[in-house]
Amino acid sequence: MPHVKTAPASCCSPRGVIPPRSSRASRLVFNRAYEKRLVAENASSQNMHRKELEDRIRKQLQGPELPPSSYDTAWVSMVPLRGSDQSPCFPQCVEWILQNQQDDGSWGINQLGSSVNKDVLLSTLACVLALKRWNVGTENMWRGLDFIGRNFSVAMNEQIAAPIGFNITFAAMLSLAIDTGLEFPIRQTDVNEILHLREMELKRQAVDSSYGRKAYMAYITEGLGNMLDWNEVMRFQRKNGSLFNSPSTTAVALIYKYDDQALQYLNSLVSKFGSAVPAVYPLNIHCQLSMVDALEKMGISQHFISEIKSILDMTYICWLQKDEELTMDIATCAMAFRLLRMNGYDVSSDELSHVAEASTFCNSLQGYLNDTKSVLELYRASKVSLSDNDLILDSIGSWSGNLLKDKLCSNWVQRTLIFGEMENALKFPFYATLERLEHKRNIEHFDARGSLMLKTECLPFRANQELLALAIEEFSFSQSVYQDELRHLDSWVKENRLDQLQFARQRLTYCYLSAAATIFAPQLSNARISWAKNGVLTTVVDDFFDVGGSKEELQNLISLVEKWHEHHDEEFCSEQVEIVFSAIYSTANQFGAKASTVQGRDVTKHLAEIWLHLLRSMMTEAEWQRSQYVPTVEEYMTNAVVSFALGPIVLPALYFVGQRLSEYVVNDQEYNELFRLMSTCGRLLNDNQSFEREGGEGKLNSVSLLVLHSGGSMSIESAKKETQKSIDTSRRNLLRLVLRKESAVPRPCKELFWKMCKILHLFYFQTDGFSSPKEMAGAVNAVINEPLKLQISNSFLSISS
């Protein structure tokens, strides 16, 4: 046989020429090895990148870095040395101003490539005034004046967002600058217009004598000067010596009225931060809680458990001590209450009593400023109620909800990032949400800039880009896991011939959605698969008892489950029974074996018992309907807690969330009460929504039973209201049990009961559970299939799937 030459390894084979088997095989082996090495290197690189992100976030959690504020530094630099009006008390701040002017002549925070904003104009004017005060930096002053002149139209544009009190402070500073001899390249008519805006605003405010207005005037002292009664202003001084934790406000107060505590506050700031001060101090609690909130909202808090616990422990101590950093800021106080309560800390709503009424909120500084963020935080806090008679939270929820609805109609609010948050909070209370769906929405709408617009812009969250990048990476990776799991589930349905049951609703994707959207961590695959498979099986069994099975078939199925491993002694009376039982038996045994390994004890018997309890309770309902027996409400609910079919879904999954569940815990009263409250919520939610449909089918439920047993004294609407009241009570009692620290059932296990309760509230939110396929299909795609779609401002971040 003639010898066939082969091309070198680096070249392609000639068309039509097949390499010898040995060469092709070795190349295939080489290619596979190369691909594996690439995958391993890529995974290693991704892990390193993730670790770097986590480390940077962890550093910020442990101690937020507050950036310098040009505006506040300028005002601190204008404080004279006591007894010497010609010397600055803080010369290092003057030097910082000289060294930190931008190339365009400005000072302040401005994103690269973005247009000039009012904050930059204000900061630049303050720095120019500071240099003029000490007659230094002539060239710096000239460049600053030129910048203000070139961009003066921004100051007069009412469509551009402004710092708090801008029309008053900017005009006052401009007037002061002109009085000191500074010349601006600005038309006199424009100057007059700015001064006129200030006068108009002062006239509008003059008719208001509220506490909120007095606090506001004290807060923007740099715009009012000698117009203020400084003894009145100093009543707002805090224990740390500051006014409103604001360096600029405190500095102005010190310029007009010497005060030892105020000077001590500024001395401590300059000592801590060096030659430049932040816009607010202290701000640690607000920064750290905001980061914890963001981590939870984007689904990445599990990476920072110890750091979050340390922050919340510290916040709880501050809460008990009534620390001013918490109590004097409404938004921070409300956020602290919500986060502490939802993480199991014992906090009372009494600390929010000062804003229990709309009138008291409106009389505060935040109320006077019409601060939407504070209202939204109060509304969120009001929803974490643990009792039926928390009058403070009920009142806050009522007035803040109404105020938010009014704000949604505002054209201005509709153009802001907070609009979507408000809309979502009003539409879906926190107990009626799918976590992974919320995570996606929060990631897509996350404000990576994360600034606070106070008297000047403040950027307290240095790790925002890292937060967003980690959340994107985590969510994209989890989607690939979910897609693999859904493919496995689809094969499982076919292998078990469940798709051949004509009577059964095919709800695989919905069942998996409820698992993936709540037990979302990629490593909890067994819990998700168990939850989803048993969700499919309970739907099949429910349909079998409702429409698919005869009395003989139902009895046959129960008998088979009763015998379990000895079921071979029993014959299948139909193919339908064989399919249903075989799927239940094989699935329960499969997860029983896995759970037994995880738990270190045999739990398969428990899984079989869960199914047996369900089938017997369903049989009871079927017999009631056949005999037209009318149970009491108590009889109905005692049976319905089991027949609602949450047992096989939730209880086996408890074994797969990384906690040991002893037989003692499984038999504990708390375990049973968690199950009862969760199932009660589900049954009553379903009954309220399905009352008309089930009534038409001749079925009884809790609503119709209340009407029947009332002897004609209760209307359908009254019965529905009574049922809703029971739902709210059960939900609050469940949440209280879940959050309680002294507990037999581990917290991760308790949370599964709460997660299912949230799913039920959402699924039965406006319709009869599964009967809104369009919305459910959209949720399935959003959580499992559709990649993240970030806002344009965040589009520079890559998304890998």
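With which residue does the side chain of R235 meet in a salt bridge, and at what distance from N to O?

Modeller: The partner of R235 is E232, and the N to O distance in this salt bridge is 3.4 Å. The term denotes a side-chain nitrogen of Lys or Arg within 4 Å of a carboxyl oxygen of Asp or Glu. The model is predicted, so that local features need pLDDT of at least 70 and side-chain atom pairs count only at pLDDT 80 or more, while totals for chains, interfaces and linings use all residues. Residues are numbered from 1 along each chain as its sequence is written, and side-chain values use heavy atoms, with hydrogens and water left out.

R235 is exposed, at 65% relative accessibility, and E232 is partly exposed, with a relative accessible area of 34%. Here buried means under 20% relative accessible area, exposed means over 50%, and partly exposed lies in between (1.4 Å probe, protein chains only).

One of the others joins E473 and R50, whose closest N and O atoms are 3.4 Å apart. E473 lies in helix α24 (residues 464-495) and R50 in helix α1 (residues 21-62), so this pair ties together parts that are 423 residues apart in sequence. Helices (H or I, at least four residues) and strands (E, at least two) are DSSP runs, numbered from the N terminus.

Another salt bridge is formed by E692 and K720, with their closest N and O atoms 3.1 Å apart. This pair also links distant parts of the chain, with E692 in helix α33 (residues 669-696) and K720 in helix α35, 28 residues apart. K720 counts as buried, at 18% relative accessibility. Elsewhere, a network of salt bridges links D293, K297, R338, K373, E377, R380 and E421.

Two packed helices are described by the angle between their axes and the distance between the axes. For helix α34 (residues 702-709) and α35, the axes come within 9 Å and cross at roughly 125°. Such axes are lines fitted to C-alpha atoms, for helices over the stretch in contact, and the angles run from 0 to 180 degrees between N-to-C directions. The two helices are therefore oblique to each other, a term for what remains once angles under 35 degrees are called roughly parallel, over 145 roughly antiparallel and 65 to 115 roughly perpendicular. The crossing of α34 and α35 is right-handed, that is, the near helix is turned clockwise from the far one by less than a right angle. On the α34 side the contact (heavy atoms within 4.5 Å) is made by S702, V703, L706 and V707, and on the α35 side by I716, A719, K720, E722 and T723.

Helix α35, which spans residues 716-739, also holds R731. R731 is buried, with a relative accessible area of 7%. Its side chain is joined to that of D728 by a polar contact of 3.0 Å; this is a pair of N or O atoms within 3.5 Å, where within protein one must be able to donate a hydrogen and the other to accept it, and residues adjacent in sequence count only if both atoms are side-chain atoms. Leaving aside residues up to four places away in sequence, R731 touches Y431, C681, W754, C757 and H761.

Some backbone details lie in loops. F244, in the loop between α10 (230-233) and α11 (247-256), has a positive phi near 60° although the residue is not glycine. F244 is buried, with a relative accessible area of 13%. K322, in the loop between α14 (305-320) and α15 (324-327), likewise has a positive phi, near 55°, but K322 is partly exposed at 46%. The peptide bond from Y281 to P282 is cis, with omega near 0°, and P282 lies in the loop between α12 (260-273) and α13 (284-297).

As for the whole, the protein chain has 37 helices and 4 strands, and buried residues make up 54% of its 801 residues. Its C-alpha atoms fill a box of roughly 105 × 105 × 45 Å, taken along the principal axes. Among contacts in the chain with a separation of 6 or more, 72% are accounted for by residues 24 or more positions apart.
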